[in-house]
Amino acid sequence: MHDAHPTPVSPFSAVSLGPITLRNRFIKSGANEGMTPTGLPTRALVKHHRDLAAGGIGMTTVAYAAVARDGLTFPHQMHMHADVVPHLRVLTDAVHREGAAACLQITHAGSFTMMRHGGRRSAPTASAGLNAFGMLYGVFFQRAMNETDMARVAAQFADAARLARECGFDAVEIHMGHGYLLNQFLSPLSNRRRDRFGGSAEQRTRFPAQVLRQVKDAVGAHLAVGCKLSVSDGVPGGNRAQDSAVTARILEAEGADLLTLSGGRNVESPWVLFGSPLPTAQMKAAAPHALARFGVTMLEKRTPRDLAFRDLYFLEDSRVIRQAVRMPLAFVGGVKSLAGVEQLMAEGFDCIALARALIHDPALVEHFRTGAVTHSACNSCNTCVAKIYDPAGVSCVLGAPNDPALTRMLAADQ
């Protein structure tokens with residue numbers, strides 16, 4: 001359905017996404033920063049994204065803003081409410097001063113939560129049953145959402161997007177991947193419904209498409225609205241690229257301005273997301289209690305023994321999506337070199353989304369542009385994954401540590 005560009009597009013050329021235009025094709029993909037210890041944006045979060053903008057990217061994505069308090073995965077994350085607005089405004093102003101656009105990732109954890117709200121030991125999701133992740137934190141069960149629940153959550157996404165506009169963001173990214181709530185509807189690993197929200201890939205996409213529609217109605221004339229999509233769950237019984245292509249066509253028809261193509265799920269297959277083994281020793285050290293350490297031990301046992309990093313590890317599955325739709329797509333997954341970027345451009349991907357390579361070197365895009373660097377020195381050790389629990393927030397172990405004082409100062413405080 002999609003024809004590759006007849007001549008490769010420069011990754012340093014501008015690109016239009018709905019109502020906005022980025023100065024180049026590089027996007028910092030959403031990755032938990034660990035820089036909101038009280039749930040409010042800090043100076044550390046501002047510095048993190050300002051440094052990325054100064055380093056030459058087209059757009060930076062602020063990760064994991066839950067659309068409501070009961071949508072948090074971890075207690076130290078941010079949810080969208082009036083008190084965050086002045087602090088996020090400082091962040092977007094700082095990013096804009098460096099010439100980049102700012103995107104806010106909005107999401108809901110569903111059953112992937114360690115939070116008990118109002119003493120409840122169950123979490124909302126697609127299908128009822130035991131909660132594999134939450135039970136480690138006292139959220140033992142998950143309950144199937146009804147249509148009233150879905151309407152409420154879709155409205156929360158729309159309200160969060162309106163607040164994002166008030167904060168000065170240029171775009172929002174609806175998180176539909178990695179095992180969060182909307183992905184819990186998309187994936188047959190978690191959606192066993194027998195009503196019109198379960199069964200075929202088309203029906204499993206119904207609720208996520210409803211969320212996109214309401215967000216587009218709320219802010220689509222002013223903000224780009226993208227979706228993060230797992231192209232494959234990476235384990236038997238889960239979504240394959242062919243299923244995600246069905247979802248992608250529906251999201252395109254609903255007006256999504258960009259799909260960011262990732263993969264894997266936080267519980268069943270987190271190693272798929274990173275394309276390499278997770279730093280389980282550091283994760284155990286950072287775990288809040290013994291049950292959480294047990295969960296990491298079980299992850300160790302399930303991780304494939306022969307897993308080894310390879311460049312562009314989602315390419316085969318992402319090609320299936322590229323052939324299915326004409327809309328802009330951002331490639332995620334093991335982009336380490338300028339040669340890899342140029343290959344993706346030649347294959348018709350519109351944007352390149354990076355996380356670990358930019359945590360290692362926030363100025364990587366500028367270094368690519370000038371030719372100072374042609375290959376990232378990030379070694380995919382994934383130690384930065386465990387750093388979201390560090391008091392100073394996420395950083396690369398190969399570089400200088402963050403200043404922990406910055407996470408103790410709110411962004412807008414004088």
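What follows are my entries on backbone angles and on nonpolar cores.

Entry on the basis. I am reading a predicted model, in which local features need pLDDT of at least 70 and side-chain atom pairs count only at pLDDT 80 or more, while totals for chains, interfaces and linings use all residues. Residues are numbered from 1 along each chain as its sequence is written, and side-chain values use heavy atoms, with hydrogens and water left out.

Entry on backbone angles. I looked up Y64 and found its phi near 45°, a positive value in a residue other than glycine. Y64 lies in strand β4, residues 59-66 (strands are DSSP runs of E with at least two residues, helices runs of H or I with at least four, numbered from the N terminus). Its relative accessibility is 2%, so Y64 counts as buried (buried is under 20% relative accessible area, with a 1.4 Å probe and protein chains only). I then turned to H178, whose phi is near 65°, again positive in a residue other than glycine. H178 sits in the loop between β10 (171-176) and α4 (181-186), and H178 is buried at 6% relative accessible area.

Entry on cores. I noted that the largest nonpolar core has 100 residues, and that I174, F207 and L259 have the most contacts inside it (such a core is a set of buried Ala, Val, Leu, Ile, Met, Phe, Trp, Tyr and Cys residues joined through side-chain atoms within 4.5 Å). Helix α3, residues 147-166, gives the most to this core, with eight residues. A second, separate core of 16 residues includes F133, L136, Y137 and A287.

Key
Buried means under 20% relative accessible area, exposed over 50%, partly exposed in between (1.4 Å probe, protein chains only).
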